[in-house]
Amino acid sequence: MTALPASQPVQVAPVKVWGVINVTPDSFSDGGRLADPEAALVQARRLIADGADILDIGGESTRPRAQAVAAAQEIDRVVPLIRAIRAESAIPISIDTMKPEVARAAVAAGATIWNDVTALRHAPDSLATAAKLGCEVVLMHMQGEPGTMQAEPRYGDVVAEVAEFLVARAQAAMAAGVARERIWLDPGIGFGKHMLDHNLPLLAGLERIVALGFPVLLGASRKSFISALDDGGRSADQRLGGSIAAALVGAAAGVAAVRVHDVRETVQALRVWRAIAQAGNLG
Ligand code: HH2
């Protein structure tokens, strides 16, 4: 009998888990639940206890037809929470906003990452503000604008076009003075992407985004394509299984982090995946 080669242990980097906290009345995934500041702080403590590496705090929903929010109101929603978390924890905090004013206020309150779904295109001073703040930045791909992005998204090769866009935005950020090592890329699952025709090939092609050489953040948690692949009627809080499946696909492709609503379950899934991957010869 021919001996099978033995499995060799390999090193696999842990995937960071970003826990989402939306202090908004209308987020698609958990809208309204955390509009009260005390409830948001309780949720932050829970996500930290559940094993989150980073908290991603947002004060404006990006879903189509979401209510636009003035910068002052967005600041009022996020800054007290960031301060309150900072007073009791050193966990890194990311501010999910497209507005430079909000990013400035959030960084002054203790955030160290600016997560911008417009990849620093929303305001004329977005790039310069990111460089001046010296914080890490997440540059996310989106075709179109949040309000209309799902109207008629079109791509030839979705992975190639997303990659090309992200490289161009990283170059723009570096040209404006953002240090290369502070840049994250995000393919923007669900942002100007047809439910299955675009999101699925993009998830299947994540390795090509990872190969660009920047840490990649993947945000697939609770998104609509999961419901479309199930019975079509699953509400956002009934998409845990699909969210975990997508996070593991990201882990296998080498993403550096996943942005999720269900932290405890995702941490467990990633620990099991990593332990098996480290045992060798996976895939
Ligand atoms: N997705 C959402 C919001 N921000 N940021 C990044 N970098 N990547 C994402 O995929 C991403 C994001 C949408 O999810 P959620 O925050 O739950 O909903 P809403 O925008 O309605 O608040």
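Predicted model: local features only at pLDDT ≥ 70, side-chain atom pairs only at ≥ 80, totals over all residues.

Me: Thanks. What makes strand S1 mostly covered?

Reply: Strand S1 spans residues 16-22, and six of its seven residues are buried. Each of those six falls under the 20% cut-off, so S1 is called mostly covered.

Me: How do you know that S1 pairs with strand S8?

Reply: Pairing takes at least two bridges. S1 and S8 (residues 257-260) have four bridges, in the parallel sense, so they count as a pair. Within that pairing, Trp18 stands opposite Arg259 in S8.

Me: And what makes S1 and strand S2 a pair?

Reply: Here five bridges join S1 to S2 (residues 54-58), against a requirement of at least two, so this is a pair as well. S1 and S2 run parallel, and Ile21 has Ile57 in S2 as its bridge partner.

Me: Why are helices H2 and H3 called roughly parallel?

Reply: The axes of H2 (residues 71-88) and H3 (residues 100-109) cross at roughly 15° and come within 9 Å. Angles under 35 degrees count as roughly parallel, so H2 is roughly parallel to H3. The crossing itself is right-handed.

Me: Which residues meet there, and what kinds are they?

Reply: From H2, residues including Ile75, Val78 and Arg86 meet residues of H3, among them Glu101, Val102 and Ala109. The residues of this contact divide into nine nonpolar, four charged and no polar.

Terms used:
Residues numbered from 1 in each chain as written. Heavy atoms only, no water. Buried < 20%, exposed > 50% of the residue type's maximum accessible area, 1.4 Å probe, protein only. Axes fitted to C-alpha atoms, helices over the stretch in contact; angles between N-to-C directions. Parallel < 35°, antiparallel > 145°, perpendicular 65-115°, else oblique. Left-handed = near helix turned anticlockwise from the far one by under 90°. Contact = heavy atoms within 4.5 Å. Nonpolar A, V, L, I, M, F, W, Y, C, P; charged D, E, K, R; others polar.
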